[in-house]
Amino acid sequence: MDTESELREFVLKEILRGEDAGQLGNEDNLIDSGVLDSMAMMQVVTHLEKTYGITVETNDLVPETFQSIRALSEFVARKTGGS
């Protein structure tokens, strides 16, 4: 499973609690749509650190990092040295 798919599945299962997968696109704004609030962002941070073995630094905690599934995937790629 690619990173975007895995992150999308995580958000749907753990944050949105099983809502219809068709309602969350990889470029949908997670913050403006209310999907991610501060508590949900911390869930995502914990997931990223455990799943991908990365450390999310304080300076990474900016809206751009959490903007969308795609932005999260690109963040993981940068942190892991992936493409």
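In this predicted model, helix H1 is followed by Arg-17, a residue with a positive phi near 55°. Helix H2, which covers residues 38-52, is likewise followed by a residue of positive phi: Gly-53, with a value near 65°.

**Helix H1**
- With 13 residues at 1.5 Å a residue, H1 should span 18 Å, and its end C-alpha atoms agree with this, being 17 Å apart.
- Glu-4, Glu-6, Leu-7, Phe-10, Val-11, Leu-12 and Ile-15 are the buried residues of H1.
- These buried residues pack against H2 and H4.

**Helix H2: span and cap**
- H2 contains 15 residues and reaches 21 Å from its first C-alpha to its last, close to the expected 21 Å.
- Asp-37 caps the N-terminal end of H2, where a side-chain oxygen lies 3.2 Å from the backbone nitrogen of Met-39.

**Helix H2: buried and exposed sides**
- The buried residues are Ala-40, Met-41, Val-44, Val-45, His-47, Leu-48 and Tyr-52.
- Viewed down the axis of H2, the buried residues fall within an arc of 165°, so they line one face of the helix.
- On the other side of H2, Ser-38, Met-39 and Lys-50 are exposed.
- The packing partners of the buried residues of H2 are helix H1 (3-15), helix H3 (63-66) and helix H4 (69-80).

Methods: Residues are numbered from 1 along each chain as its sequence is written. This is a predicted model: local features need pLDDT of at least 70, side-chain atom pairs count only at pLDDT 80 or more; totals for chains, interfaces and linings use all residues. Side-chain values use heavy atoms; hydrogens and water are left out. Helices (H or I, at least four residues) and strands (E, at least two) are DSSP runs, numbered from the N terminus. The expected span of a helix is 1.5 Å times one less than its number of residues. Buried means under 20% relative accessible area, exposed over 50%, partly exposed in between (1.4 Å probe, protein chains only). The arc is that of the directions from the helix axis to the C-beta atoms. Contact means heavy atoms within 4.5 Å. A polar contact is a pair of N or O atoms within 3.5 Å; within protein, one must be able to donate a hydrogen and the other to accept it, and residues adjacent in sequence count only if both atoms are side-chain atoms.
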